[in-house]
Amino acid sequence: MPLARSTGQIPDAAWTSGFREMTEPWKGAVGCLGVAVFFAMTIGIISWQALEQSPEEWVLRGHAGGMLWERRRGALLLRALPAGRTVAVIAVGGVPAAEPPPPRDRCWHDGGQFCYAWEEDAELRLSLEPPPAPATECYGVRWTPLRPDVMLKDCFSMANVSWYGGASVRAQRWPLNGAESHAQPFVSGDLSKNPAGYGPVSERYFLGSTGVTVTVAPDVPLFLSLESNRHFCLETPAGRAAVPLRYLLCVSPDVAAAHRHVGSQLAGQARALPDTALLGSPIWRYYGPAGSAAKIKRGLRSLAKRLKRHRLQEGVLALGEHCTAILAAADHVPSERRKRHSSPRAWDPSLIKPLQLSITLSPYTSIASPLFLRSLRDGEAASYWLSLQPRFGGCSIPLLTTWKGRLCARLNVTSEAALSWYLARARRLRQALGAAYVVFEGAEGNAFPEQAVPPPAELAGDRYTGALAAALATLGNATVISAGARSSHLPLFIQMSPLRSDWSHAGLKGVIPSVLHYSLLGYNFFIPDAVGGSLAGDAPGDPELYVRWLQIVTFLPVMAFSTPPWLCCDAWVLNLTRQCIQRHRDFVVPLLIKYGEEWRRLGYPIFRPAWWLSPTDPAAFTVEDEFLLGDEVLVAPITEKGQTWRDIYLPGEGHLWMDTNTARVFDGGTVLRNYSASLAEVPVFVKTS
C-alpha cells in the first residue's frame with residue numbers, strides 16, 4: 001500500500017500537546033523578554049528625542065538678532081542675524097544649569113519679552129529695548145533672585161571675543177582678556193592701597209570685538225571678576241533680599257559701530273572741554289626740600305632757574321599735597337606776625353614766571369588736625385565728614401580710614417555745607433598761592449565697603465567719586481581729579497595712576513593699554529604718570545627706559561616729569577626732551593584740539609585702537625602697543641628693552657600711511673615686519689588717503 005504524502009501540517013492533537021509542553025518551562029523567559037523589549041523601545045524613543053531635539057532654543061527674537069537658551073551649558077546666547085553668528089555666550093550661575101530649555105514663556109502675550117522662573121531660585125526676564133541707532137538692537141536682561149541666598153552670576157565668555165572697558169587694573173591689558181581679578185565690588189579704588197583691586201577710572205560698560213556691548217545699571221550692587229582668557233563675570237552679592245542683576249545687551253554690525261552707537265553716549269549729558277592751555281604745558285613735579293615754607297619757596301625758585309638755564313622755562317611746577325599744606329599753613333599766620341615777617345613768608349608767583357604753579361588737595365583730613373578737632377568740639381563732625389549712623393539713637397561717629405599712612409576722616413560730599421566750605425577753601429588757597437591749576441587726589445574708592453560697612457544709598461558704588469567730581473567742576477576747567485566714574489562729560493583733567501619704573505605692564509608696557517582704556521571710557525584729557533615712572537621698579541635711572549617713555553608721552557595730552565632729564569641722562573637726552581616738547585606743541589596739540597571738538601560733539605575717543613579703522617580684522621583686536629590719534633596719525637613706539645625694531649600693524653584697508661621719519665608710504669591693512677626704530681626715533685605714520 002502506497003505511503004500517504006505528508007501535508008506539512010501538524011495534527012491538532014500533536015500541536016496542542018506540543019505547545020503545552022513548550023510553554024511550561026519557558027514562562028519566565030518569555031516574560032523577561034517582553035520587559036526587555038519594552039525598555040529597549042523606551043530607551044530608543046528617549047535617545048531619538050535627545051538626538052533629534054536641538055540643544056538650542058530661541059527665546060526672544062528681534063530684527064537684527066536674538067537670544068537663545070543652550071541646554072548643555074546652561075547658557076544664554078546672543079546671535080546676530082541674518083548671518084547667525086554668535087556674538088556673546090553668557091554662562092548662567094545661580095540657577096540649575098542642567099535644566100532643559102525653558103518650556104513655557106510667562107510673557108507669551110507680549111512678543112517683545114520672554115519670562116521664565118526656575119522654581120525657588122530665580123526669575124529671568126528678557127526684553128527688546130529701544131535701539132540707540134537703526135543698525136543696533138538692544139535686549140534688557142533682568143535676573144531676580146527668589147531667595148536671599150541666591151547669588152546671581154553671569155559670565156561672559158572670552159572664547160573668540162576680545163573685551164574692552166570696565167575697570168582699570170594695576171597692570172593694564174588691552175584687551176582685558178589677559179587681566180586677572182577675584183570677585184570684588186565694582187568700585188574705583190586706589191591701587192597703591194590695594195594693588196589687587198580696581199583702579200581709579202571705571203565704567204559699567206564692556207565692549208566686545210564681535211560688536212556686542214554690556215551696560216550695567218548704576219544702581220545695581222555689582223561684583224566683577226576677571227579670569228584670564230576665560231571669562232569675566234558680573235555678580236550680585238548674596239544675602240540681600242531680592243536684589244536683581246540688570247544689564248543691557250546691544251549688538252551692532254561691528255566693534256567700532258557698537259562703540260559709536262552705545263559707548264560714546266555713556267555720559268548721557270553735554271560734554272565740556274577742560275582748559276586746553278594745559279595741553280601745551282609740560283608739568284614739572286617738585287621733589288625738592290620740603291621741611292618748611294621757606295625751603296619750599298627756595299626750592300621752587302631753584303627749580304625754575306634750572307629749567308630756564310636748560311631752555312625748558314615754560315610749563316607748570318606741581319606741588320604735592322604735603323608741600324601745599326605747608327605753604328597754606330604759612331599763608332594763614334596771624335596778620336600781625338605776617339607784617340613782621342612779610343619778606344621771608346610772602347609767596348610771589350612772579351618769582352617762577354613764565355612757569356605756572358599747581359597745588360594739590362584731597363578730601364581727607366588727619367584726626368589730629370585742628371580742623372577735625374574743631375569740628376568735633378563744635379558738634380559738626382557728622383556734617384563735614386563721612387560718619388556712621390547709630391542704629392539705636394545716639395551721636396554719629398566719624399568713619400575713619402587711612403590716607404598716606406595717617407588715620408583720617410573723609411569729606412562728606414552729601415552735605416551742602418561741607419561741600420560749600422571745601423570749595424571755598426580751595427578757591428581761597430588757589431588765589432592766595434597764585435596757582436593756575438588745582439589737583440585733587442583721593443577721589444577714588446568707597447570708604448564704607450573698605451571698612452566692611454554698608455554704605456548709605458546716596459553713596460553706594462562710585463557715587464562718592466561722581467558727587468565729588470561734579471562739585472569740583474564748579475571750580476572751573478583748570479581742575480585735575482584723580483578718579484572718574486560717570487563723570488567723563490565734566491571739564492576735568494584726570495590724573496593717571498602712578499606706574500613702576502620698569503618695562504612690565506605695571507610700568508612702560510601698561511601706558512598704551514591705559515591710554516586706550518581711559519579714552520574708550522570717555523576720559524580723553526588725562527595726565528599720564530611722569531616720564532620714566534614714579535614708583536620704584538626694576539630699572540630706576542635707566543636712560544633707555546626714560547627715552548622710550550618720553551617718546552610715548554609726546555603724543556599724549558600732557559607731558560609730565562618727576563625726574564628732570566639733566567638728572568637722569570646724558571646731554572643728548574636733554575636735547576631730545578626739548579625736541580619732544582616742541583613736537584608736542586606744534587604737531588600733537590592741534591590734533592588734540594581738533595579731535596577734542598569731535599569728542600565734545602559726538603563722544604568718539606581721541607586716542608583710538610587699531611580696530612577703529614579695521615573693525616572686522618581679528619588681527620586688530622589684540623594690538624596693545626600702538627594707538628591712533630584721531631583717524632589720521634598712528635603711533636607705534638618701542639616698549640621692549642634693547643629692541644630697535646618691531647612689527648607694526650597699519651589699519652584701514654584701502655588707506656595709505658606715510659612714515660614721518662622716512663617719507664615711505666605703505667598700504668593699510670598690512671603688517672610691517674621687523675620695522676626699524678632706533679633709540680632716537682619713534683615710528684609715526686600719517687594717513688595720506
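The structure is a predicted model, in which local features require pLDDT of at least 70 and side-chain atom pairs count only at pLDDT 80 or more, while totals for chains, interfaces and linings use all residues. Residues are numbered from 1 along each chain as its sequence is written, and side-chain values use heavy atoms, with hydrogens and water left out.

The charged side chains come first. A salt bridge is a side-chain nitrogen of Lys or Arg within 4 Å of a carboxyl oxygen of Asp or Glu. A search of the whole structure finds 24 salt bridges. One of them joins R377 and D378, with a distance of 3.4 Å from N to O. The surroundings of a residue are described by its relative accessible area: buried means under 20%, exposed over 50%, and partly exposed in between, calculated with a 1.4 Å probe and protein chains only. By this scale R377 is exposed, at 63%, whereas D378 is partly exposed, at 41%.

Another salt bridge links E597 and R600, at 2.9 Å from N to O. Both residues belong to helix 15 (residues 571-602), and because they are three residues apart in this helix, about one helical turn separates them. Helices (H or I, at least four residues) and strands (E, at least two) are DSSP runs, numbered from the N terminus. E597 is partly exposed, with 31% relative accessibility, and R600 is partly exposed, with 35%.

A further salt bridge connects D631 with R608, whose closest N and O atoms are 2.8 Å apart. D631 lies in the loop between strand 30 (627-629) and strand 31 (633-635), and R608 lies in strand 29 (residues 607-608), so the pair ties together parts that are 23 residues apart in sequence. D631 is partly exposed at 24%, while R608 is buried at 1%. Salt bridges also link D121, R147 and D149 in a network.

The nonpolar residues come next. A nonpolar core is a set of buried Ala, Val, Leu, Ile, Met, Phe, Trp, Tyr and Cys residues joined through side-chain atoms within 4.5 Å. The largest such core contains 149 residues, and among those with the most contacts inside it are L300, L556, F607 and W611. Helix 15 gives the most to this core, with eleven residues. Contact means heavy atoms within 4.5 Å. Leaving aside neighbours within four places in sequence, L556 is in contact with residues including V511, F526, V588, L592 and F607. A second, separate core has 48 residues, including V92, A167, Y198 and L249.
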